[in-house]
Every structure is written in C-alpha cells, then in structure tokens.
Amino acid sequence: GSGTSSGGSSPGGGQDLSIGLVAEPASLDFTTTDGAAIPQALLGNVYETLVKQDDSGKIVPSLAKSWTVSADRKTYTFDLVDNAKFTNGKQFTASDAVFSINRVKTAWTISLKSAMDVVSAATAVSPTKLQVTLAKPSNDWLFRMTTRIGAMFSETGVSALATAPVGTGPFKFSKWNRGDSIVLTRNDDYWGTKPNFAQITLKYFKDATALNNALLTSTINVIGTVQAPEALSQFTSNSKYQVIEGTTNGEVLLSFNNSRPVFKDVRTRQAIRMAIDHKALLDTCWAGRGKLIGSMVPPTDPWYEDLTGIAPYDLAKAKSLLQASGAAGQTLRLRLPTLPYATSCGQVVKSDLEQAGLKVQIDQLEFPAAWLTTVFKNADYDMSIIAHVEPRDLGAVFNAKYYTRYDDPTLQADLAAADAGDEATQVADMKKAARRLSEQAAGDWLFLLPNLMVADKDIKGLPTNAITEAFDLSKLSR
Amino acid sequence: MQRTLSFIHARSEARTWMNDVLTVRGLSVSVRDTTLVADVDLTVGAGERVGLIGESGSGKSLTALSILGLLPEDVRAGGSVRLDGVDHELVGADERRMSRVRGRDIAMVFQEPMTALNPTMRVGDQIAEAMLIHKTHAKPAARAAAADLLERVQLPPETLRAYPHQLSGGMRQRVVLALALANDPALLICDEPTTALDVTVQALVLDLIVRGVLDRSAALLFITHDLAVVATVCERVLVMYGGRVVEAGPVEEVFTRPRHRYTEGLLAASDLEANSRRLTTIPGNVPPAGRFPSGCVFRTRCAHATALCEERPAWTGAEADGFACHHPAGGTDA
Amino acid sequence: MILRLIERTAVFLVSLAVSTVLVFAFMAILPGDPARVALGVNASDAAVAELRRQFGLDRPLPTQYFDWVGGLLHGDLGTSYVSKVAIGPQVFDRLQVTLWLVVAGMIVALIVAVPAGTMMAARHRQVSGLALSAVSQIGVAVPAFLAGILLIVVFAVKLGWLPANGWTPPAQDPGMFLKQLILPALSLGLVQGAVLTRYVRSAVLDVLREDYLRTARAKGLRPFHALWRHGLRNAAVPVVTVLGLQLATLLIGAVVVERVFVIPGLGSLLLDGVSNRDLLLVQDVVMVLVLAVLLVNFLVDILYVALDPRLRASA
Amino acid sequence: MRRRNPSLLAGAVIVGVIVLMALVSFVWTPYDATLVTPASRLLTPSWSHWFGTDKFGRDVLSQIMVGSRTTLFVGVVAVGVAAVIGVPLGILAAMVRRWPGEVIMRANDLLLAFPALLLAIMFGAVFGASTLTAMVAIGIASVPSFARVIRSGALQVMRTEYVLAARAAGRRPWPIAVRHVLPNVTSLITVQASVSFAIAVLAEAALSFLGYGTPPPTPSWGRMLQESQEFLFSAPRLAIFPGVAIAIAVLGFNLLGDGLRDRFDPKLEDRR
Amino acid sequence: MPEHVPPAHDREHDPAPRQHGPAARLHGPAARQDGPAHPEPVIRVVDLVRDYPRPRTSLVRPAPVVHALRGVSLEVKHGERFGIVGESGCGKSTLLRIVAALDRATSGHVFVEGTDITNLPERRLRPLRENLQLVFQDPMSSLDPRMRVRDIIAEPLVVQGHPASGQRVRELLEAVGLSADAGDRYPHQFSGGQRQRISIARALAPRPRILIADEPVSALDVSVRAQVLNLISDLVDDLDLTLVFVSHDLSVVKHVCDRVAVMNAGQIVETGYTADVYAAPQHPYTQRLVSAIPTLQRALSGATTSDLLANGDPA
Ligand SMILES: Nc1ncnc2c1ncn2[C@@H]1O[C@H](COP(=O)(O)OP(=O)(O)OP(=O)(O)O)[C@@H](O)[C@H]1O
Ligand SMILES: Nc1ncnc2c1ncn2[C@@H]1O[C@H](COP(=O)(O)OP(=O)(O)OP(=O)(O)O)[C@@H](O)[C@H]1O
Ligand SMILES: [Mg+2]
Ligand SMILES: [Mg+2]
Ligand code: NI
C-alpha cells in the first residue's frame, strides 16, 4: 500500500499513483523561490503556460490555440482557448495572461524573471486574444514562455502562492505534508483531456536507497529521478519493473574559473579536456548512463551537433599541452557541491588530472548555501562540477558576469545574432557558438545527465526525455 | 531506667546445653587456589553466646557468611555446617533451601549499619518483609509485629515510617537487629555489630543484642576484634588467626590464661591499662590472605617459634576448649 | 521540595535566556545568505538585497534578536524565510513525529535493556551472562543507520512484512502508523538498548555489591527476589540519568534513522533548515531542542526525588 | 595476583591492530587507495584484490587501511578536544566555590542541548566541511560528559585526607590540582576517553552517511559505507567490509573502556 | 617542667626505660633550644565557633546551620600531650582543621605559639605549616595512591622550599621504623600500620614542634595499634613535640595523654588530667562515656552489657 495517500478511488474513477522524487520544494511559490522542484511538481499540472514544449523539444500550443509573429519579429499575437477555468472558479481570459506577464516584471524576485525584460507591452485585445510586443526581436522569449516564466495565474488567485496555488491545469493542489509529500488531485473541470489518475502523490526522498526501497516494497509506483544509477540493476533484472532512459537538459559541467591566470591559457583548458577519459568517467560515476556531449547543447535542442571529437581523450597530448602552457605541477582547487554526481565525478576528475601532471585538491562545499556563496557568487574557486539543468542555457552560463567568468566577445556576438534572427539563422548561429565554446574549452562537459525513471511495468505515458521544467502527470495511465 | 537483668549473671553456670544449635566441622573457604579459611570446627549450643575474635583478615566474616551461604560469588566453602532442626547440610545447599533457613532459623546483623538497609524503602516495610517472606505473620499482623520489635529495641514508633537515611547509625543498627530478631531465629550471628558505633551507643546495642538472644534463648555467634567487648558479651570464645581457629575456651580462661602465643600477644597489645607508656607489641604485620606461612600460621611473628612450628600444630584439648600451638604459654609443650 | 522546584525553575529560565543569545549568535555567524539561497542561482544582487530587507535581515542584530525573542515569548516562532509559512505549527508537527519515534525507540530500548542488563549483571561470571555482554557489545558497535538499512533489507524488501519507509500520522491510519513505526523504532531502540544495557548492567552490578542486598538475602529472599524488590529501584537512579541524556540527544540524533526511513521528523527539518539557510527556522528548532533538553533534565531531577527518598529535603 | 581481564586484552589487541594498520598504510598499501582505474571496477575479492574493488576501481583493502587513519584521527581529535576542555573544566568545577562551580556545570548542561550531529553540521557550515571541523564539533559535544565524570571524580579526590595533608603541608589549590587531583582522575579520563573514542567513530560514520563527513577522496569507513549504498544488492561486500571495520573498531574501544573500568574499579581492586 | 607533670603517671618513674632511638637524630645539631619557661601556651583556642550552612529548605526562613563548634576554648602547653575525646560528629575534626588553618572559624580565635592564625591569609601561614603538622585517621586515604612514598614524605619539604634531600627522607623512614627502600614503593604496597608510619614520617618532615593526630589508630588492629602508639610516644618524647591527640576511645587517650578535653555536641564539657577524668568523671556525659567503655578487667570481674549502661541512657 502507499504511504500517506489514503487508499480507495475517488468518484471520478481511476486509481491513485505515487511518484518518488528526490528534491522536495522549499515552498510552492516559484515566483520568489528558485529551484527545480516547484515547477517539476506544479508546472503543466497545476499551472499551464500559453505554449509548451513537446517531448522532442518543439514549441506547441497549450493555453494558446495558435500564435502569429509579426514580420519584424517583435509582435506576438496569441489565440487563447475559451474554456479554461482556474481552480478558484474564474474563467481564464487574456487579461489574466496580461496580468501574469506583467506580474513577472513587478512581483517576481527570482533571477529568471529577466527573460521577461524584453517585453515592452502586453495587451488583451479580446478575452481570447492576447498581443505581446517585444522591445527587440527575441527567439528566446517565446521559448522562455514555455518555462515557469510563462505560467498563467489568476488575477484573484495570487494571494497565497506559497501554500495555495491556483492554476488552470489538469490537477488541483490538494495537500502538502511537509517533509514528506505533495498530493495533487484531478481537476474535474479541466478544459482539456482529463487525467487518468484521480490522485497523484509526489513523495520526496532524500536518500537514493530509501527511494529504491520504496519502489521495491510498492510504497511508490514510479521513481521519477534515479539518483543511484548503479542500483538500477535490481530493477532491470526484475520483470515487475520498467526502466525508462532518455535525455535531459542537465549538462554536467566541469567549470573553470576563467578569470584565474592558469585558465587564461587556452592550452591548459584544452589539456584538461583531453586528460579526462569521458567514457570511463561516465561508466564509473554514473554507471554508464547518460550521454557524452562535446559542448553545452543537449540533443533535444535544434542546433545539437556531436562535438565530442573536438577534444578526444589523449593523455600524452594533454601532458605536453600542460608542459607548454606551464600549468603542469600546479595545484587546482576543485570545489565540489555536496551532490552525488559531483562527489562521484570529482574523484575521477582528480585522478585523471593528476595523471596528466596537475595537482587537484578537492573541497566539498555544502550545497546549496555554501557552494552558492563561495563558488557561484564570489567565484572563489578554480574548478567546480555542477549540472546546469536550465534549458538553452549556453549563453547564460558562459559570460563574464557568470561564475565561469568567461569573457568572449565573439561568442556573445554569435548569441545575439541567433536570438534576433529567424529560426534558420538561430540554428546556424547557435551551432557556431557551441562549436566555439568547445574549441575554446571554456569548460568541460563531462556528460549529459540521463532521464532515468523506473516504474511498475504497467504504467504508461512516462516521458522519455525530461527536457522541460515540468513533469507532465496528466498523460500517465495504467 | 530500671532494667537490670538479674539472670544475665547466669554466666558461671555449668554447661548443661540440651543440644547444639550450630555444628560446624572442617569448614574451609577458598577463592580459586587460595585458601582463606581452613578447617574450622565450631559448635554453638542453644542459648549459648560464643565469640569469634581475631584481627582484620583472619577470616571471621567469611566463616559467618559461609554458615549463611552468602559468600561472594567466586568464593567456595567446603566441609560441613549443620543446624539443629534443619534436615540438610548447609554447605552447598541450593538457594531455595537456604533461603528458607536464612532469616528464620539463622539471622545475621552486619557490621555497617549505614549500608545494610535499603535506602529507598521505609524501615517498617523492611522489617515486615522479613516476616512476610517466611509467612510467620500475615500482612496486617506483620506491621504490628514490626512496631512491637521496634519498641523492643527502644526505637519510637515513628521509626516505622522513616527512611534509613533519617536515622543515626545507632538507630539503624537497632533496626537491623530488630530485623534479625523478627522471626525468633535459633541462631543469631553478629559480625562486628558495633565497630562503627560510639561507645555509648555500642553499650546500648550490645545490651539489646544480649537481651534479644536471652529472651528467645537463641544461640549467639558474636564476631568482633575487640577483646573487651567479647569478654562482656560472651561466655565462650574462639580466637582466629590466618583463617584458622588457634584457640578456644571459656572467656575467663582464654583471657586470663591464654595458651596460644598469638592470644597471648593480642592480650598484651590491647592492654592499655599497663603501667607503661610503651605497649607490648606483636612483631611484624598480619600477612595478606594466602601469604600465611605453612605449619603454624603464627610462626613468622612468634618469638617462641622453632623448627617444629613448620609443622601444623595439632589441636590440643576439647573442641570447645583447646588450642593449636607447639609451644603454648604456661609450659606443657604439645 | 518546593524550594528545590523554585531553584530548578530559576536555573531553567536563566539557562533558557542564555541559550537564546547563544543560538542567535551562532546563526548570525553562519555563512551563506538566506536570501541568496532562496533566490537561487541567477539572482541579481539587487534582488537579494530587496529580499534581505523583506526578511528583516538588514536590521541591526540586536533588533533582530529582540524581535525574535519577543515573538517567542508570545508563542510566535515567526515565518519561514523560505517556505513563507508559520514555523510554529511546522515545528510542532515535526516534534510530534520525532517524539513518537524516539519514545517508541526508548521503549524498545528499555524492553531490551532492563532484562538483558540485569541478567548480564546477575550472571556476570557465567557463560550466559558473558554471551549476553558480547551481544550487547556488538549492538553498541553498529551504527543506527546501518541497523536500519539491514532491517529494511530483511523485513521490508526480502520478506515484505513491513513497509520499508514512510510515515502516517496515528490519527489518520493507526494500523499503518504502527506498521511504519516498527522498523525505525527497532533500529533506534536496539542500538540505544545496547548502550543502555551496559549502563543497566553496571548499575545492577553496583547494587549487587551493596550491603542491603546481602541483608535482604539474609532475611530469606532468593537472589532474584532480593534484586527485584530491593535492587531495581536503587539501580534505576543512574539509569534514569542515562535515559534522560539519551532522550535529549535522540531528538536530533534520530535524524539518521529519519533519513533511512524517510520520516519527516524534527532532525530532518533542522537539516533542511540549515541547508536552505532558513535561519529563523533553525533558531527555533534549536530553541525547541534546548527547551526539550532542559525539560528532560528537570523531569529527571524530579524522578530522582521520587526514586530516592534521600533527596527529599527533610529535617 | 592480577585478575584476568579479557575485555582489556581484547580491546587492546583490536585497537593495536587498527593503530598498526594505520601506521603501515603510511608506508605501504596494496594499491594506491585513491587511484581511479575504471578498467578494474567492482571486482569481486580475489588474490590480487583481497576485498575486491569499488565502483571507481579502487582497492577496498587499501581504502580500509588508509581509512583507519581517518578513524584514529577522528578519535584523537574528538577525544583530544573533549579532554582538553572537559578535564580542566571538571576539575575547576570541583575545586572552586559553590557559585562558580554551579555556573560551570549549568553551562555544561546547556551544551548537552546541542547534540554532536547538530554542532558538526553547523561547524561544517561555518568553517567548511572537513573531518577536522566535524571532529572538533563532536569533541565539543563530548565535553559535557567529560566534565561531569571528571568533576565527580575530582570531588571525591578533594574529599580525601591526602589533599588535606597537602594543604597542611602548604600546597596551594592549583598545585594540588596538578599534583594530586589530576593524577588521581587519570583512570577516569582514560576510561571516558576510550568510550568517547568509540562514540566519535560512530558519529563520523553517521555524518558521512548524511554527507557531512570526511570529504572525498580521503578514504573513510563511514563514507565507504555511504558510497556502497547503491550496491547494497549488487555488491553487498562493499558495505560489509567498512561496516564490519567500524563495528570492530567501536567494539575495540568499548572493550578497552570496559576493561579499563574494571581495572580501575576500586570495588574490584580488593579482589585482586 | 614541674607545671605539667601528670600526678598519676609520672614519666620519671616509667618502669620501661625509653630508648632514645634514631628519632633523636631527627633534629640533629640544630635542634631547637628549649626556652627556660613557656609562659605562653603553644595553642590557645578562644571561644571558637564554627557553623556549617545546610542547603536552604525554605525561602523565607534563613538557611539552617550545623553548629559544629559552639564556643570552644582550650589551652595546650608546651610539651604537653593533650587528648580530645568525644563521640562521632561532636566536632573534633572541625576543631583540629581550624587549629591547623585548614578551615576558617565562624568566630573566635586560635593562637599558635602566640600568633593569631584565625584570619591570616594563606601566604602568611608558612611558619604555621612548618611548626604544626597532622596525622590523619584513615591510613588508606591519607596517602596519595599515585605518589611514591619518597615523594609523599618529601612533599612538605618541597612545598616549603627546603632542600628535599634523599638523606632526609631516609632518616625519616628510619625514624618511623621503615626500611630505606620503602621510599621507592607506592602506598598500596604497605599494610595499614606501615601506611600510618608513612603518614607520621610525612608529618615530621618539616621538623614541626606541634603534632596533631586525628584518630590515628582508630582504623588499626590492636597489635598494629600498639606499634603505632609506641612510635608516636617515642617520637613525641625524643623530639620534644607538643602532641594533640584526638580519639573517640577514652582508653587510648588515657594511655597516651596527660591531659584531656571531653567534647560533646560542639562543646568541651570537661577538661582535666586524664587519670582524674577517667577515675572520677564530673560531667554526666563524661560519666556515661566512661562507664560505657568495655574493658577486659571489668568484664572478667563479671560486668555485663547492662553494666555498661549503668549511668544513664543516651537514647
Ligand atoms: N571475595 C574474596 N576474594 C578473595 N579474597 C577474599 C574475599 N573475601 C575475603 N577475602 C580475604 O579473605 C581474608 C579473610 O577475610 P574476612 O573478611 O573473613 O576477614 P575478617 O576477619 O572478617 O576481617 P575484618 O575484621 O577486616 O572484617 C582476608 O584476607 C580477605 O582479604
Ligand atoms: N564540610 C562540612 N559541611 C557541613 N557540615 C560539616 C562539614 N564538616 C563537618 N560537618 C558537620 O560538623 C559536625 C562535626 O564534624 P566533625 O567532623 O568535626 O566531627 P568529629 O568529631 O570529627 O566526628 P568523627 O568522629 O566522625 O570524625 C558534624 O555534624 C558534621 O556533620
Ligand atoms: Mg569482617
Ligand atoms: Mg573526625
Ligand atoms: Ni616544658
């Protein structure tokens, strides 16, 4: 039986489902509290956006039935659905959309809100027609509208975002047992296809083993994020379970502090990339699950290219490059956040780099607090390892203001062109940027985190790839 | 206070004991390979008061404890201990049988009044318990009997509800005595009952002990290292040294005409009335357990020791009146 | 007795006051900015400053301190920086969970320790006693979380008798509550029990050497009865001390077991609070702990008096 | 005649072996304990790797050996801190007059409200996570028990007549503390230290389990245990070896403590 | 010294001639010169009061006190052997501790060799510490078990800044009848009587003029008691010491001392020459005390336990 969810089925039919996840949200308000856990639980399920991404990364309609872009690429006109209703009983209209878009600029505090800065005006042309004008052309803006930034709130439903979220989605927020689980129930007034399950419990586990045990003892039905890939063997060998493996947006980056003298020399950076045997690293620290990528682009982005050939594993070459740059024998501080993949990969990186002639000193910094302050804010580090899970974050990560301190005007120019141009230009320019990043060795992309899920055999509708912030629960069925 | 007991002066009466209450034969006590008490013979008749004296470590307490079967865990007793009216041997008897004897047929008063009572239980309950265990009184009667006992040891009735820590040492020792007398035991053993008490309190407690046993015509085995006390309380005395009884006999005899050289030395050393500032001493120290010499245990400290003393001196005289010495005082070498 | 109570209460209040200062000072030096943690990876400095202002973190420390203490005095534990909900009910809920767990664990521990420790002491020279001692020694040497993992593997995963983890409030489903309580209580209780066993053993050994036990046996009580009637209450005094200490440290110490069994207890709340830099929450939880420890000390004191008449003031 | 003392002997032997293992690991281990060799990962025990290898291909035996250093370090630091603060505090509380002594003991009680785990996590947050900070925290958390035990011992010593005699000879309080009180509580210190040692080893394991312990790649038994969790079913040996090592070490220190307690117990003394 | 020759116990007529043993050498050539007369008593105690506070039992009433001494006055003259008897808890040890400046009086004065030591600070007590030394009751607890006998004996010398030569320690060991190699051993390797000798040697180390003995033989067996009493007697004579001897045993005091003070409940009820007090006690308490002493002579001449109670009843 399941833990907290009380058994039995609700009048709407269908059964209950429990999903095990790792990070519990600190709050339910993603407008002021950062972290992936809140949109994972709420976006697409409780809140909906105008447009959303499908499993292959394409932008498709959601609350907006369709949209057009003006020729100067600055004005977007959305046709909204007319039968969406908020769970507080209010009809969803264009004015709610205007309210939501403007509210990002005024009331949101998390840094992601800057994606809305480009909007100069949003107007409700009619209850079902919304017009948004941008200050300059930006492909990125529409994409960002698929993320939590684009979530649609009710004008009268934002008083208690932290505890009582109100949205138009297929599920209603029902209960939060802090430290344990969040319960969502089916929204029987949902305007679209109604979900199969009457109630879905998201159970949170801090410990990977506990998560596995919960599935093994049927406390939960799905492991939403496998944190201990080595332990998968007990499920792959058991016919009661299915294992789903796909990709995510999470590039595990071995970041360099490019403002440090030692990293000013491109040869040092390249040497580090070549000294690491990425295949072996993936095998040892993530059980071979995941994908090797040569740059900051996951395969689900339209401009993906396999760039792993740019810096292949070559210990001899790495050694000679280090000699040439004079970095050989230097000590680098690898400051790791206390996260499983970072701890694991850090040890392999250390071992690999030391064989190439560098000295590596590992420090562990408590994540998030200590790591954020020391590495992220103060850039007091030489190298670090962290997965960048935001979608299309190449430009955000590699700039002079970010903790990577990567100052490269050429790259910035490419990115600007990509954002302003049409779709073809965007793809071409992004490819250019990704390649430059890899050649310049602005960091090393250890691997791409896999989307690993385990579930009872009969559960259908689980997404193969996890490329959005949302975990779409409405398609799940038995 | 008027309570002179004329019949106490019955001391000089001839020994006409009907029967022996306690008969100890060849008692030995050892721990692992060390013998602590060897070959003790001892008889106490009904109504008789027998003293057991000796310096610290001579084995007095072990002798007493082995009669009760309360030796510490790794200490073993051998030989024979019989009690009148009990149809089994006490040495080696199982706990079930021993616990029926203890507190009913044999009772004991221990040396330390401060620790002998349970600090968390009221005095009255502790006394009543002694009677309830052996079912000599029913529950309500036991309380009344306890009050009665307390009165007999001259404690006020409030004592019944007191906790031991509220009583002085002398009062506690009287409680312990009341406890021991609760079931009218045939034999009362007192192990240095007054060593921790002041003289005036000692006088009272000694008197109560003697009166207690006389009232019940119980037998008394009284252990002490104080010669004067034993002389006041007892009729007969056994002197122990090095785990052996070295001399036995009536009090007047042993204390006026000692035959064993150790008894002689002890008497001299305790004589503070002598006209000299310097006291006569026994040379050397009492050896620790297990380090006593073979043969005569006293020979290493004895001025009269000869090569002969390397042999165990045999017991001379009757069990109740004899000694074990090769060179006894007053001539007549064994 | 009354005086002792008044004195204790005074000490209690002063200790409480001192600990508020200590706790607050400790939080003040904890590096890591709660606002930045809340705002996440890409926050601008301006946004962080704004949030600090909202939290009241920009005020002088004494003001913050007195605000906090003033709130505590009114029973108001404040609002969490991170989750923006009132801390009081949250702490109260978690404390309940942990109390269930700890108390159940202590009961298991007592059930294990009292007979085992007594037997070990009573038979400390015999094979059975030594064997028991050896088992308890091993029990002490096993970390509680390891015991928990092993219990899960055996009873939940392999045998499937009990749930591997989770927590259900007793009011919601008593049956489930009990089922889920068994394994965590066992893993906590067995380890604590092993520790306690050794204290019981040494307390009983001490009591066994006491003269009054010999007196009791000289009265005709059999060894077991003598120990039962006269020994245990006296042995209880040192054991109660240890019990109090264990109870106090377990409130947080149970966090490893909470982690293994996914129980939303006070320890987990504290750890989350620390890692989210939810300082106010951490402060409050620590104060609750201090209060609990002082309270336990207080109770232990009273228990002493109940157990040992020597401590009752009398003329 | 000395009583047999099997606890003391067993404890001393176990602790001796651990110390030896730690010393040997400085000069020799079968393999480099931190060298990652993906080719030889997760090997089962064999002649070349007695205890097998872990997921990084590191030799488990070598890690256990080097890990014993961490274990000893943990104990030494934690017990050292606890003793260095707790012992003088205990003696001070026993020697000074009523009020200051009472205040010291109250402060001591207050420290009890900060469990080892909490202190360690907070210290880790303030000073950066490392074995050292964790153990200093655990040491500080062990101060109260030290101070209590030492105070009661010192109070007993202060009541003896030899302290009175020393005062009559003209010794001042502090020399008395050093010359008479301290030497006579050393047995208590030793016993308390060995017990605290065991507690510290367990605490390090618990901290590592929670991810606040010894940072990688320094081998530590607690972290090995934590890393082995995902192999609980596929390679349980990875949990068994460090688990057993921790248990044996804790057992060793506890036995040593018990043995010392019996050895120094005055009540048992006269039976010797 | 005609002024304090005891009438019934004339030393000149002592039948056993006292050998002047090795102790005679203790003061060596530098032995003190006896003044022709000693008008001032060596120890003068005037109206000494000592109250010990008990823990409060009520907030309103003042804390109860134990009146350990309630106005004690006495004089000990030079060369005298002064005894103090009394029952447990009557304040004997308290009195000695104050005389030795190890405790402070509540009121009253103590003059030692003319100096009022009652309120002297510790640093000005040096002459007292050299002139007055103590021997304690318990031969086990009065020697530090962790020190070698050599260091124990040398402690007063070291503390008082005398050169602690091995020679001096050997002299002292010899004086108390221990072999020279005893210095290398530890107290537990000696018997009770030998330990008491060590204790005496330590007291003699700084060449005191006054020796205070607090029940030095109460814990000893008769045969050992005789040895220690002889030793004390010899040393007092040979070194011309003033002896203050405390005991609860009037027979021992009678044997050792010239003069005796009988204490009861913090007061001195009777003072006089020992033989007089013993033979004809004046105070009812003394009478009771004397009659309660069991002696061999009386017992053998037919005294029974009830005779010990003849003069009234303490209960
Ligand atoms: N459990 C034991 N193990 C070993 N030796 C013991 C034990 N109990 C007593 N002894 C030794 O046996 C000897 C006799 O002890 P016992 O207690 O009978 O002496 P005692 O005559 O009663 O002395 P005291 O007057 O001191 O009470 C002593 O030397 C003592 O050390
Ligand atoms: N430090 C103290 N604090 C409180 N009360 C004390 C203290 N020392 C002694 N007393 C009390 O003072 C009284 C006299 O004690 P003292 O030790 O002087 O008696 P004593 O005659 O030496 O007795 P004993 O023969 O038992 O040694 C006793 O009632 C005792 O309880
Ligand atoms: Mg005895
Ligand atoms: Mg005294
Ligand atoms: Ni003179």
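Predicted model: local features only at pLDDT ≥ 70, side-chain atom pairs only at ≥ 80, totals over all residues.
Local features require pLDDT of at least 70 and side-chain atom pairs pLDDT 80 or more, whereas totals for chains, interfaces and linings use all residues. Residues are numbered from 1 along each chain as its sequence is written, chains are lettered from A in the order in which they are written, and side-chain values use heavy atoms, without hydrogens and water.

Eight pairs of chains are in contact, and chains B and E share the most contacts (heavy atoms within 4.5 Å). Chain A has no contact with chain B, the closest C-alpha atoms being 47 Å apart; chain A does not touch chain E either, with nearest C-alpha atoms at 48 Å.

In chain B, an open antiparallel sheet of three strands has the order β2-β1-β4. Strands are DSSP runs of E of at least two residues, and helices runs of H or I of at least four, numbered from the N terminus; strands pair if DSSP finds at least two bridges between them. Strands β2 (34–45) and β4 (75–83) of chain B are the edges, each pairing on one side only. Eight bridges connect β1 (residues 20–31) of chain B with β4(B), and Val24(B) has Val81(B) as its bridge partner in β4(B).

Helix α6 (residues 127–141) of chain C packs on helix α9 (residues 237–264) of chain D at about 125°, with axes 8 Å apart. Axes are lines fitted to C-alpha atoms, for helices over the stretch in contact, and angles run from 0 to 180 degrees between N-to-C directions. The contacting residues include Ile138(C) in α6(C) and Leu251(D) in α9(D).
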